[in-house]
Amino acid sequence: MEGDLMSQVTGYATQEATAPLTPFRFERRKLRPEDVQIEILYCGVCHSDLHTARNEWKSTTYPCVPGHEIIGKVLELGKGVTSFKEGEIVAVGCLVDSCRACQSCQENLEQYCEQGPIFTYNSHGRHDQTVTYGGYSTQIIVDKKFVLHVPKEFKEKDYPGVAPLLCAGITTYSPLKHWKVGKESKVGVVGLGGLGHMAIKLAHAMGAHVTLFTTSANKVEDGKRLGANEVVLSKNVEEMEKHKNSFDFILNTVAASHNLDPFIQLLKRDGTMCLVGAPEFPHPSPTTAELIFRRRKIGGSLIGGIKETQEMLDFCAKHSITADVEIIPIEKINEAYERMIKSDVKYRFVIDNASLKKLSTHSSNDNK
Ligand code: NAP
Ligand code: ZN
Ligand code: ZN
């Protein structure tokens, strides 16, 4: 493939904020010396895909091909790639490039690249400025530095559940590590969705005491099964009262704007609540006194760097952690988005990308 040929790819794209995703044909770039060409086997469906497809962050370029929880098989390698083998199972997450020179890049924190990281979809490539297209497609071509090794402990049956580790997994692993969660920690997880269910599994594996805060009464049993020591319905004021001033760290994964005060009140002196949910509309401003009186902190965290993503995959392999998934063919993606909004998924949709191959002969769109 190195040379003049580009690969023809079938994907699913949105053409505007209010349109559904539909079949879309496009070309992947020619293989560069440092590139890995990957046949995509599975791609997880993140709430960020929905925020982006519908332009909820007001930053979407159309057509938009979402998808950043990618598991695939190496088809071909550029001349300069020796760290991967043809046929190897590999993964790609939310990042496909960065400047590699700034302080964040040099500290393996490419997600905070000071030139702006290049995301797997809806970014502009560093070399040619074309818009990046994600994992709702048959193939992707990625620079070797941004391709992950899938640990050998994971077998074929595990691959659908490994895909969501590439965003939901690393986005929760990274802040848990940054805020030094371990055996002595009392950790709260707010929201039981794709990120929330990974946060429970990971914090539990790190040895923490974990409490889930959910708005959904029907998720109490699941929360415990996933590893929470306690589950609290966050709308129940009396139950919330019992947990005041007791948490070292809270990871808030909620995808919608909400009042932060009831969760800030749960923190001990010097405790931190890290926000990873990225809602369309801002949260109401928290009450300053809730922060001042106990020196509490609110922080944020964006996915994780490539080195830490590999560390997270190895951690998950060691602890036999994968996501709980519902596998769908690509034709069900619009329905899956509606169900995700209603919180009707346990706990991540994953696209079987073989369903895209079947479409190859039918689609007619062209983005030239
Ligand atoms: P998800 O699967 O849809 O889960 C979100 C959860 O939030 C729901 O399951 C629900 O949990 C809770 N929730 C409460 N009220 C809600 C409401 N009105 N609307 C929607 N959810 C509500 O989403 P996800 O894929 O885990 O993503 C969560 C958020 O993180 C999204 O905003 C996403 O864009 C963001 N994100 C951020 C990063 C990062 O790097 N910071 C990375 C990936 C995703 P309960 O039913 O338990 O209350
Ligand atoms: Zn994501
Ligand atoms: Zn950089």
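Visitor: Are Cys99 and Cys113 buried or exposed?
Guide: This is a predicted model, in which local features need pLDDT of at least 70 and side-chain atom pairs pLDDT 80 or more. Residues are numbered from 1 along each chain as its sequence is written. With a 1.4 Å probe and protein chains only, buried means under 20% relative accessible area. By that criterion, both Cys99 and Cys113 are buried.

Visitor: Which arrangement do the four donor atoms around the zinc ion (ligand 3) form?
Guide: Donors are N, O and S atoms within 2.8 Å of the metal (3.2 Å for Na, K and Ca). Here they are the SG atoms of Cys99, Cys102, Cys105 and Cys113, at 2.3 to 2.4 Å from the zinc ion. Four donors count as tetrahedral if all angles lie between 85 and 135 degrees. The angles subtended here are 103 to 121°, which makes the arrangement tetrahedral.

Visitor: What spacing do the donors of the zinc ion (ligand 3) follow along the chain?
Guide: Cys99 lies in the loop between strand E6 (95-97) and helix H2 (103-106), and Cys113 in the loop between H2 and strand E7 (118-119). Helices are DSSP runs (H or I) of at least four residues, and strands (E) of at least two. The donors follow the spacing C-x2-C-x2-C-x7-C.

Visitor: How far is an oxygen atom of ligand 1 from an N or O atom in the side chain of His47?
Guide: His47 is among the residues that come nearest to ligand 1. For His51, a side-chain N or O atom is 2.9 Å from an oxygen atom of ligand 1. For His47, the corresponding distance is 2.6 Å.

Methods: Chains are lettered from A and ligands numbered from 1 in the order in which they are written. Side-chain values use heavy atoms; hydrogens and water are left out. A residue is near a molecule or strand if one of its heavy atoms lies within 4 Å of it. A polar contact is a pair of N or O atoms within 3.5 Å; within protein, one must be able to donate a hydrogen and the other to accept it, and residues adjacent in sequence count only if both atoms are side-chain atoms. Four donors count as tetrahedral if all angles lie between 85 and 135 degrees; four count as square planar and six as octahedral if opposite donors are over 155 degrees apart and all others between 65 and 115; anything else is irregular. Buried means under 20% relative accessible area, exposed over 50%, partly exposed in between (1.4 Å probe, protein chains only).
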